[in-house]
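I am opening a notebook on a structure that is new to me, and I want to record what I looked up, entry by entry.

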Amino acid sequence: MAADKHSSWSYTEGLPDEDDVLLRARDRSHELGVAPVTPAVGAALTVLAAASKATTAVEVGAGAGVSGVCLLRGLGRNAVLTTIDSDVDHLRAAREAYAEAGIPSNRTRTISGRAADVLPRLTDRAYDLVFIDADKPGLPAYVEQATRLLKDGGIMIVNDALDQDRVAEPAVREQSTNTLRQVGKMIRENEALVSALLPTGTGLLLAVKQRA
């Protein structure tokens with residue numbers, strides 16, 4: 001059974017056919033020492049963004065623009081993506097990827113700063129989608145802020161929610177793994193959210209804010 005599951009996972013990860021824009025963004029990710037979302041996660045982000053019909057979206061953690069391009073390709077032509085990152089080199093690489101993808105500059109907003117400082121300044125219930133792919137210690141606070149930022153019916157997406165497949169192993173007690181377990185529990189116990197954990201990539205945690 002385990003071998004079959006691994007084969008299915010490998011097949012799913014290898015299925016997306018990425019273009020030169022994403023491949024170059026991946027190369028820049030490796031040059032900067034950041035791990036981009038996997039191809040399957042990128043494809044899922046495009047589908048989720050399209051299904052959400054979001055017009056306003058926030059990305060916490062720019063990487064080198066792989067996830068941002070995937071989100072923007074699913075978002076509508078008038079949608080705006082706000083990307084937050086404390087590393088100016090990451091933001092520069094993300095802007096380069098957006099430009100190479102032919103995304104008009106008025107559809108993106110990049111903010112340099114710590115997410116813990118920037119997110120509280122964003123408007124309540126003003127966003128349709130929030131994607132979080134950032135430092136593990138900050139995740140509980142980011143999830144709390146994302147819940148506040150989402151409109152009713154908005155979707156939150158947390159990447160690497162299985163912490164490199166360690167969350168499911170009870171014997172693993174690393175700090176990052178415990179943090180992801182805490183985040184999953186926070187979301188499951190929040191009556192304003194309905195959620196699901198998908199094994200795509202290294203785990204995608206999805207949560208939709210229910211309408212009041």
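Predicted model: local features only at pLDDT ≥ 70, side-chain atom pairs only at ≥ 80, totals over all residues.

**Entry on helices H2 and H5.** I began with two helices and noted that H2 and H5 are roughly antiparallel to each other, because the angle at which they pack is about 170 degrees and angles over 145 count as roughly antiparallel. H2 covers residues 20-32 and H5 covers residues 88-100, and their axes lie 10 Å apart. Looking up who makes the contact, I found Val21, Arg24, Ala25, Arg28 and Leu32 on the side of H2, and Asp89, His90, Ala93, Glu96, Ala97 and Glu100 on the side of H5. Sorted by class, this contact has five nonpolar, one polar and five charged residues.

**Entry on helices H2 and H4.** I then turned to H4, whose axis comes within 9 Å of the axis of H2 and crosses it at roughly 155 degrees, which makes this pair roughly antiparallel as well. From H2 the residues Val21, Leu22, Ala25, Arg26 and Ser29 take part, and they meet Val66, Val69, Cys70 and Arg73 of H4. By class I noted six nonpolar, one polar and two charged residues in the contact of H2 with H4.

**Entry on the sheet.** In what order do the strands of the open sheet follow one another? I read the order of its seven strands as S3-S2-S1-S4-S5-S7-S6, and the pairing is mixed. Strands S3 (108-112) and S6 (193-198) each have a single partner strand, so they stand at the edges, and one side of each is left without a neighbour in the sheet. On average, neighbouring strands here are turned by 15 degrees against each other, with direction ignored.

**Entry on helix H3.** I also noted that H3 (residues 39-52) lies across S4 (127-132), S5 (150-159) and S7, and that H3 runs at about 180 degrees to S5.

**Entry on the largest pocket.** How much space lies in the largest pocket? I noted about 620 Å³. Of the 33 residues lining this pocket, Ala35, Gly61, Asp133, Ala134 and Asp135 are the closest to its centre. The elements that give two or more residues to the lining are H4 (66-74), S2 (80-85) and H7 (139-149). By class, I recorded 15 nonpolar, twelve polar and six charged residues in the lining.

Note on methods. Residues numbered from 1 in each chain as written. Heavy atoms only, no water. Pairing = 2+ DSSP bridges. Helix = DSSP H or I, 4+ residues; strand = E, 2+ residues; numbered from the N terminus. Axes fitted to C-alpha atoms, helices over the stretch in contact; angles between N-to-C directions. Contact = heavy atoms within 4.5 Å. Parallel < 35°, antiparallel > 145°, perpendicular 65-115°, else oblique. Nonpolar A, V, L, I, M, F, W, Y, C, P; charged D, E, K, R; others polar. 1 Å grid on protein atoms, 1.4 Å probe; cavity = no way out; pocket = protein on both sides within 12 Å on 5 of 7 lines; lining within 4 Å. Points joined across faces, edges and corners; volume = space filled by probe spheres on them.
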